[in-house]
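Colleague: I should like to learn how to read helices and interfaces in a model of this kind. May we go through some examples together?

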Amino acid sequence: MDVNVPDARLMPDTLAPPAAFSGRGRRFAWTLLLLAVAFGAVPAAIVGTGSSYLAQIAITTMIFVILSASLNHVTGTAGLLSIGHAAFYGIGAYAAALLSTRLGLPFIVTLPAAGLIAALFGFLVALPTMRLVSIYFAVATLGIGEMIYVVLLNWVDVTRGPMGIRGIPPIELFGWQADTLLSRYLAVAVIAVACVWVLHRLTHSYYGNALRALREDDQCADSMGINVERLKIESFVVATFFAGIAGALLAHTSAYIAPDNFRFMESILILAMVVVGGLGSLPGAVVGALFMIVLPEALRDIGDYRMIAVGATMFLSILLLPKGMLAEGTALGFVRRSFSRGWATIAGGTPVGWK
Amino acid sequence: MVFDVFFLQQVINGLSIGCVYALMAIGFTLIFGVLNVVNFAHGEVYTIGAFVGLMVITAMAPPLLAVVPLVLAVGAVSGVGLERIAFRPFRRFTDEASQKSRAMREATLLSSLAVSIVTREIMMHIFGGDMQGIPSGYLLQQPVAIGPVMVASGSLVIFATSAVMLGALQFLLYRTQTGLGIRAVSNNQLGARYVGINTDRTIVTTFAVGSMLGATAGILVGLYDGAISPHMGFAPGVKAFVAMVMGGLSSIPGAVACALLLGVSESIATEFLSSGWKDLITYSLLVITLVFFPQGLFGHGRERA
């Protein structure tokens with residue numbers, strides 16, 4: 001979406017709910033529906049079919065929803081093209097795995113620790129790279145991502161190199177162990193929903209507007225008094241934090257991690273989710289993650305030709321919907337109507353900004 | 001003294017790897033110049049070059065000098081096809097909002113990636129995922145003694161081919177009408193269109209030229225290393241991409257210099273580190289360069305969009 005072009009879909013008068021009450025009702029309808037799917041329909045399907053395969057896909061999807069939503073925060077909303085996101089996912093996974101297998105720390109400690117360690121690395125990476133613009137920044141993240149991969153692969157004393165780390169304990173909370181597939185899924189889903197909710201509150205706000213401003217033109221945003229440097233660093237750190245959380249979830253649900261889970265192609269897969277869903281659109285990022293995880297599984301029957309079909313579908317969806325399945329303009333309108341409190345008004349009832 | 005000779009050999013090996021990176025990096029630079037989009041499928045052109053070369057060699061056993069023009073032609077065709085499939089459809093949006101839109105640019109980047117995934121998988125189906133050997137008669141691994149230094153004949157062939165291709169490219173860019181068009185479109189696509197340059201045709205030409213260089217690099221490496229696989233294009237593609245950015249995106253001399261630098265530093269690094277760590281050198285060089293030269297070594301200052 002280009003800010004210079006008024007987008008008819010964003011024009012408030014067509015969206016303003018007729019009355020406060022019905023607006024409220026509508027606002028919760030989508031939230032309830034999504035929660036019902038995540039915590040009702042999917043667990044019911046897992047229990048009903050008793051299929052571990054289905055549960056595994058549901059868990060993977062939830063993890064990738066976090067990754068895709070967090071990459072969307074930095075690449076879509078703040079406009080910093082990062083193609084090393086999987087490396088921070090890897091740092092989180094290794095942090096959680098090492099803390100729990102070597103030091104025996106419980107999940108309640110390793111989960112935030114993984115996020116914080118990934119965020120710390122993100123901060124260290126962001127400091128020198130933030131003055132890079134456009135493709136230079138993208139390549140710097142690519143380079144750093146590959147460096148992290150090389151370290152994970154070759155620092156055998158700590159990471160066990162290509163053998164990976166085995167026997168990571170499952171999620172457990174104050175004695176409650178997520179040892180069945182259903183409970184494992186539920187734990188991951190709760191955390192994923194919380195992550196997406198935080199990102200939603202960050203993006204769909206004045207703070208999010210500032211990020212979008214610096215994406216469109218950082219020099220202009222700078223001259224308008226937005227602290228561009230700081231916002232860029234913050235958005236990158238937030239994204240890497242959530243990537244670390246996703247990594248910890250992967251480590252604790254799959255019990256085994258290896259460096260190949262965190263290579264360049266994984267970063268590209270996450271980027272593809274964001275772009276297919278709609279760059280800059282948080283609902284799009286979620287839809288994109290669902291699409292890119294479920295599609296290859298749905299195509300399992302055609303076996304060897306699966307990756308060709310995935311590539312072709314990805315190509316077609318980008319070709320036909322270059323702005324994504326849920327383009328940013330549409331998505332912002334949708335979020336405003338269905339998940340937030342609509343428009344704030346200034347004198348004369350003119351709607352502006354976020355409430 | 002022994003160390004010195006050995007060191008020199010490593011430098012020469014590194015330079016020949018660097019030349020391969022340079023040939024690919026030039027393709028990246030040319031295409032990025034005219035379109036402002038990274039072509040992620042460039043590595044696949046390199047692989048196609050190698051496989052077509054191998055097919056021709058096994059089927060007809062022609063002399064080596066006949067293989068190169070054929071690979072050049074295949075490279076040109078695959079470049080044109082790539083442009084047609086992955087890039088042209090995205091130029092149908094000509095309004096200003098779409099052209100400046102980041103979503104559109106990222107979409108084009110990923111469409112080239114999608115095409116590269118499909119191409120690679122198709123090649124996997126046709127040729128299998130394993131390494132394929134090159135018939136030994138064509139291998140360029142005979143040692144040649146130059147004074148005390150032993151050099152593989154492949155290095156010499158790579159040097160010679162790269163020199164010829166760089167010369168030809170220089171001629172094309174600075175002495176012909178087509179080259180003038182390419183430079184004009186790189187400089188300002190809209191301006192070039194206003195003065196009557198057929199930008200679409202220029203873009204196609206650029207893809208053809210860039211892919212010819214990439215495909216040649218592919219077959220040269222195949223003959224030098226003796227084995228090719230559908231995945232071979234990935235690593236040099238990333239390295240060439242890095243070299244292009246280190247050189248400053250739009251500068252061909254910069255890309256070539258950085259590609260050679262990467263090749264030599266990798267080759268020397270394998271002497272001091274186990275080979276697993278050698279990529280760390282490449283990417284550290286990249287990050288250090290970008291920290292001190294945010295526009296690359298030979299880049300221009302930042303333009304206002």
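Colleague: How many residues does the contact take from chain B and from chain A?

Modeller: Residues are numbered from 1 along each chain as its sequence is written, with chains lettered from A and ligands numbered from 1 in the order in which they are written. This is a predicted model, in which local features need pLDDT of at least 70 and side-chain atom pairs count only at pLDDT 80 or more, while totals for chains, interfaces and linings use all residues. Two residues are in contact if their C-beta atoms, placed from the backbone, lie within 7 Å. The contact takes 37 residues from chain B and 37 from chain A.

Colleague: Which helix gives the most to the side of chain B that touches chain A?

Modeller: Helices are DSSP runs (H or I, at least four residues), numbered from the N terminus. H5(B) gives the most to that side, with 15 residues.

Colleague: How do the axes of H4(A) and H5(A) cross?

Modeller: Axes are lines fitted to C-alpha atoms, for helices over the stretch in contact, and angles run from 0 to 180 degrees between N-to-C directions. The axes of H4(A) (residues 85-102) and H5(A) (residues 107-129) come within 8 Å and cross at roughly 140°.

Colleague: What span should helix H6 of chain B have?

Modeller: The expected span is 1.5 Å times one less than the number of residues. The 23 residues of H6(B) (residues 153-175) should therefore span 33 Å, and the end C-alpha atoms are 32 Å apart, which agrees.

Colleague: Which residues of H6(B) are buried?

Modeller: A residue is buried if 20 or more other C-beta atoms, placed from the backbone, lie within 10 Å of its own. In H6(B) these are B:Gly154, B:Ser155, B:Ile158, B:Ser162 and B:Met165.

Colleague: Of what handedness is the crossing of H4(A) and H5(A)?

Modeller: A crossing is right-handed if the near helix is turned clockwise from the far one by less than a right angle. The crossing of H4(A) and H5(A) is right-handed.

Definitions and conventions. Helix = DSSP H or I, 4+ residues; strand = E, 2+ residues; numbered from the N terminus. Buried ≥ 20, exposed ≤ 12 C-beta atoms within 10 Å, placed from the backbone.
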